[in-house]
Amino acid sequence: MFSDFVEVLIKGIVVVAVLMGAAAYMTFCERVVLARMQLRLGPNRVGPLGLLQPIADGLKLLCKESFQPAGVETFTYWLAPGISLFTALAAFVLIPVGGTVDIFGRPVSLSIASVNAGIVFLLAFSSLAVYGIVLAGWASNNRYSLLGGMRSTAQMISYEIPMGISVMSVILSAGSLNLQDIVAAQSKAWFIWTNPVSFLIYLITAFAETNRAPFDLPEAEQELIGGYHTEYGGMKFAMFFLGEYVNILAVSAIAVTLFLGGWHGPGDIPVLWFFLKLALFVFLFMWVRATLPRLRYNQLMSFGWKVLIPVATINLIVTAYFILVY
Amino acid sequence: MKKSALAQVFSMLRGLLIVFKYALKKPVTRRYPEEKPKLPIRSRGRHYLTKWEDGRERCVGCELCAIACPSQAIYVKPAQNDPDNPHSRTERYASDFQINMLRCIYCGLCEEACPTGAIILSSEFELSGYTRESLIYTKEQLNEKFPGESGRDPKREI
């Protein structure tokens, strides 16, 4: 009993540490990838190849004055970045990064928890993420922030539905809500091959869920001067930033688990394949950001409600038909 | 004309491909302090007071450059040459010659005004200092250390 507790604690600490490091280095990777796509070099001054840049950035943000604008709702203002980061981190409790390995003669499953309603839990936490943003927008007593928060709420609500429906077709094919079972069900054929439409819908909604280009309306710099984090600085801003990047990792990890066969791959090396697939997705996020311009707000809404939801629903019905017949 | 939905999707995918192609190209950035640019020969940087082939100064102390200078950055103090040991080829030479590099606008009018081709603008552009005084260049700093140091042919007439 006690050793189980210690095992979960150690796994939790490792996952949080890896995620924080990964999110910090994702900011660096994103800057380099964007730079190369724009024929620039990107950061290369701090350390060899600029590899110490995220550490320098973190130190800078830590040393900033911790200010608070006049008229903000103090408690919520300080709570919002925490919610934003916590909900992003919580999704990783369920993601299986590998099968069961033996460490010091003890079988260790490479996911923190195996919940039988895993996907429902994930969807619930990705919906909670909107609270961090909308509370930040409301608490900072700034019209631009409030507009960003409202946009993000509307966007998340409209894109959560097609995301849920596309995930439902995966649940139908796997016959289980448990993520470990879903990964096991893909050992023969990944769901991206058997169900490409629902993968595509998940991909599009994932971009909207993480507020990334081309759906980055809540923080549109040109219209909303940064949106919900306009009034944040120093470490509080860094937490929003980390939250955003961990969130990208989270939706990518879910996509890998649901559609790309999780940790399976040639040789079934536990952690390697999962992280390679994850890196592919993260690169896709950066690539799309370098290419596509931001949508207008009405385009975003009409695309979500008039295209994605009907297509997702039809796809679900077709999937259900095939599963019933074959 | 509005494109059809399918055409729009295809143009998006084409855009992604084009961006990826650019990621494989060599960046155009020049890493300046490590990688110095080679400026064209006629570009205007710091001044030199050039010498003849035999090591004598070209400057005859006529002060035309100081008159031509639009920002009054040049100070010339003419003096009589010692006939036994002349500094220049004529009767007079510049016993003191100063250019305030902070005032200079690198227009090249002094170079054009000079009747002997003594003052020229080289293509060295990395001019900075910690004090204002250090940027008033004296005659010792402006003089060529040896004929042709500035890159101009010391045999030329002007």
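Which strand of chain B pairs with strand 5 (residues 136-137) of chain B, and in what sense? Strand 3 of chain B does, in the antiparallel sense, over 2 bridges. Strands here are DSSP runs of E of at least two residues, and helices are runs of H or I of at least four, numbered from the N terminus. Two strands pair if DSSP finds at least two bridges between them. In this pairing, B:Asn100 has B:Ile136 as its bridge partner.

Before I go on, this is a predicted model: local features need pLDDT of at least 70, side-chain atom pairs count only at pLDDT 80 or more, and totals for chains, interfaces and linings use all residues. Residues are numbered from 1 along each chain as its sequence is written, and chains are lettered from A and ligands numbered from 1 in the order in which they are written.

Strand 3 (residues 92-100) of chain B also pairs with strand 2 (residues 74-80) of chain B, antiparallel, over 7 bridges. There, B:Ala79 is opposite B:Tyr93.

Now chain A. The axes of helix 5 (residues 143-174) and helix 12 (residues 297-325) of chain A come within 9 Å and cross at roughly 15°. Axes are lines fitted to C-alpha atoms, for helices over the stretch in contact, with angles from 0 to 180 degrees between N-to-C directions. Angles under 35 degrees count as roughly parallel, so helix 5 and helix 12 of chain A are roughly parallel to each other.

Last, the two chains. On chain B, 11 residues are in contact with 9 residues of chain A, contact being C-beta atoms, placed from the backbone, within 7 Å.

Technical notes. Angles under 35 degrees count as roughly parallel, over 145 as roughly antiparallel, 65 to 115 as roughly perpendicular and the rest as oblique. Two residues are in contact if their C-beta atoms, placed from the backbone, lie within 7 Å.
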